[in-house]
Amino acid sequence: MTKRTAAKYKIDRRMGENIWGRAKSPVNRREYGPGQHGQRRKQKLSDFGTQLRAKQKLKGYYGDLTEKQFKRIYGDATRVKGDTGENLVGLLERRLDAVVYRAKFVPTIFAARQFVNHGHVTVNGKRVNIASYRVKEGDVVAVRDRSKQLAIVLESVALAERDVPDYIDADHSKMTATFVRTPSLADVPYAVQMEPNLVVEYYAKN
């Protein structure tokens with residue numbers, strides 16, 4: 001287990017929100033941050049603090065991306081025509097690990113990254129083991145034949161705690177998922193409110 005995987009619920013506690021909507025989140029039991037001083041941390045945030053929190057929450061949601069990774073995606077979003085915040089969300093949802101997670105092939109975004117890295121996934125019939133690989137509309141993501149009976153896959157597909165969004169056409173009998181279209185912010189089934197507009201404000205000032 002990686003440090004990031006072990007610490008995923010610390011992200012929930014740090015944010016004070018169950019950002020993935022998981023039943024086992026410690027925030028369901030206590031809403032204060034991690035550490036011995038967690039209960040004393042709640043205070044009114046400055047504009048900068050609010051913007052930073054929005055960035056950390058969105059970055060954490062996609063598997064606690066590094067600042068370098070996240071800023072690179074943000075940079076790409078600024079170069080695409082249209083609203084930068086919407087573009088940012090669209091690019092994050094086009095990550096291969098995000099598509100694997102949305103298709104319910106695995107239970108968490110952290111498991112999705114590991115699943116891709118270990119070579120269990122193909123895109124249009126070719127094995128891809130890079131979690132940050134950016135899928136395109138019409139791409140077919142599939143679980144490799146030798147991996148379809150893995151317990152993590154079978155258990156995740158059976159989970160009722162989340163649905164596959166309509167911008168992904170998943171066929172769990174074949175373990176395939178077609179990326180139908182790039183979603184807007186309103187399309188993405190976040191368990192909590194995400195504010196990419198505040199992320200844009202953060203990077204505009206820093």
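This is a predicted model: local features need pLDDT of at least 70, side-chain atom pairs count only at pLDDT 80 or more; totals for chains, interfaces and linings use all residues.
Local features need pLDDT of at least 70 and side-chain atom pairs count only at pLDDT 80 or more, while totals for chains, interfaces and linings use all residues. Residues are numbered from 1 along each chain as its sequence is written, and side-chain values use heavy atoms, with hydrogens and water left out.

Helix α4 covers residues 67–78 (helices are DSSP runs of H or I with at least four residues, strands runs of E with at least two, numbered from the N terminus). Phe70, Ile73, Tyr74, Gly75 and Ala77 are its buried residues (under 20% relative accessible area, 1.4 Å probe, protein chains only). Their cover includes α3 (47–61), α5 (84–93) and α9 (196–205) (contact being heavy atoms within 4.5 Å).

Seven aromatic pairs occur in the structure (ring centres of Phe, Tyr or the six-membered ring of Trp within 6.5 Å; planes under 30 degrees apart are stacked, over 60 edge-to-face, the rest tilted). In one of them, phenylalanine 70 and tyrosine 203 have ring centres 6.4 Å apart and planes at 35°, so the pair is tilted. Because phenylalanine 70 lies in α4 and tyrosine 203 in α9, this pair ties together parts 133 residues apart in sequence. Tyrosine 202 and tyrosine 203, with centres 5.2 Å apart and planes at 80°, are edge-to-face. One aromatic cluster is formed by Phe48, Phe70, Tyr74, Tyr202 and Tyr203.

Elsewhere, strands β4 (residues 168–171) and β5 (residues 176–179) pair in the antiparallel sense over four bridges (pairing takes at least two DSSP bridges). Aspartate 169 has threonine 178 in β5 as its bridge partner. The two strands form a hairpin with four residues between them, and methionine 175 in the turn has a positive phi of about 60°.

Key: The expected span of a helix is 1.5 Å times one less than its number of residues. Buried means under 20% relative accessible area, exposed over 50%, partly exposed in between (1.4 Å probe, protein chains only).
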